[in-house]
Amino acid sequence: MPIKKVHTDQKYIEALLNNNSFVIREIYSRFVPKVVNFICNNSGNTEKAEDIIQEVLITLYKQAKEKGLQLTCPFDAYFFLLCKRKWLNELKKNKNVQVTILNEEVSKHEGLEELVLETSVFEQKNELFESTLQSLGKACKDLLKVCFSLKSMEEVAKKLSISYAYARKKKSQCIGQLTKLIKASPKYKEIKNNS
């Protein structure tokens, strides 16, 4: 399998990762108006468009930070398609809404669909993880949130005022419970079939 070349628009992903306000403003001035226009023309409004855009940018940031997202196609096409699909999924949830799909010409750049699918699966996994984490008991939820934010179990134990041994044992139990709940979810099976 050939190695995919990183697109020059990787600078936008790096800007999100490094909170480069100058380049992030460029994203908003160059790419956001097209998304807002699409959503407003398809049963949405500016506020809903801004929500979709914000959610997609957060997903891109998380994917870049956690998975080292490498852009192999133009940012414009990638970003627009992610926002478009997210909006259409929102409309599907609200079935009584009229949708006018204009034939938006999206770049036929090689790898675009694959990259969009990869990001969609990443987002679905994150949403499943977050919703399942919220369903855990308070003790497990609190412990895991602290574990995710601190580097060592010694720090976790100290912060929660519990012994190191208890913190390790409880973390193992909570992760086991979280994993079991995730794997039992119908959403898990759907994600697995799509990836």
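This is a predicted model: local features need pLDDT of at least 70, side-chain atom pairs count only at pLDDT 80 or more; totals for chains, interfaces and linings use all residues.
Colleague: What makes a set of residues a nonpolar core, and which residues have the most contacts inside the largest one?

Modeller: A nonpolar core joins buried Ala, Val, Leu, Ile, Met, Phe, Trp, Tyr and Cys residues through side-chain atoms within 4.5 Å. The largest has 36 residues, and those with the most contacts inside it are Ile-53, Leu-60, Phe-75, Tyr-78 and Phe-79. At least two residues of this core come from each of α1 (10–18), α2 (21–30), α3 (32–40), α4, α5 and α6, where helices are DSSP runs (H or I, at least four residues) numbered from the N terminus. The helix that gives the most is α5, with 10 residues. A second, separate core has 17 residues, including Leu-133, Cys-147, Ala-157 and Ala-167.

Colleague: Why is Leu-69 called buried?

Modeller: Leu-69 has a relative accessible area of 3%, and buried means under 20% (exposed is over 50%, partly exposed in between, with a 1.4 Å probe and protein chains only), so Leu-69 is buried. Leu-69 sits in the loop between α4 and α5 and touches Gln-10, Ile-13, Leu-60, Gln-63, Ala-64, Tyr-78 and Leu-115, not counting residues up to four places away in sequence. The C-alpha atoms of Leu-69 and Gln-10 are separated by 8.9 Å, although these two residues are 59 residues apart along the chain.

Colleague: How do you know whether Ser-43 and Ser-161 are buried, partly exposed or exposed?

Modeller: The relative accessibility of Ser-43 is 36%, and therefore Ser-43 counts as partly exposed, whereas Ser-161, with a relative accessible area of 67%, is exposed. Ser-43 lies in the loop between α3 and α4 and has a positive phi, near 65°, without being a glycine. Ser-161 lies in the loop between α8 (153–160) and α9 (164–184), and its phi is also positive, about 55°, again in a residue that is not a glycine.

Colleague: What makes a space a pocket, and how much space lies in the largest pocket?

Modeller: On a 1 Å grid over the protein atoms alone, a pocket is an open set of points where a 1.4 Å probe fits, with protein on both sides within 12 Å along at least five of seven lines, and lining residues have an atom within 4 Å of a point. The largest pocket holds about 550 Å³. It is lined by 19 residues, of which Arg-85, Asn-89, Ser-120, Glu-123 and Gln-124 are the closest to its centre. At least two lining residues come from each of α4 (46–67), α5 (75–93), α6 (112–135) and α10 (186–194), and α6 supplies the largest share, 7 residues.

Colleague: Which residues line the second largest pocket?

Modeller: Its lining is made of Lys-62, Glu-66, Asn-126, Phe-129, Glu-130, Leu-133, Lys-145 and Phe-148, and its volume is about 250 Å³. Here too the largest share comes from α6, with 4 residues.

Note on methods: Residues are numbered from 1 along each chain as its sequence is written. Side-chain values use heavy atoms; hydrogens and water are left out. Grid points are joined across faces, edges and corners, and a volume is the space filled by probe spheres set on the points. Contact means heavy atoms within 4.5 Å.
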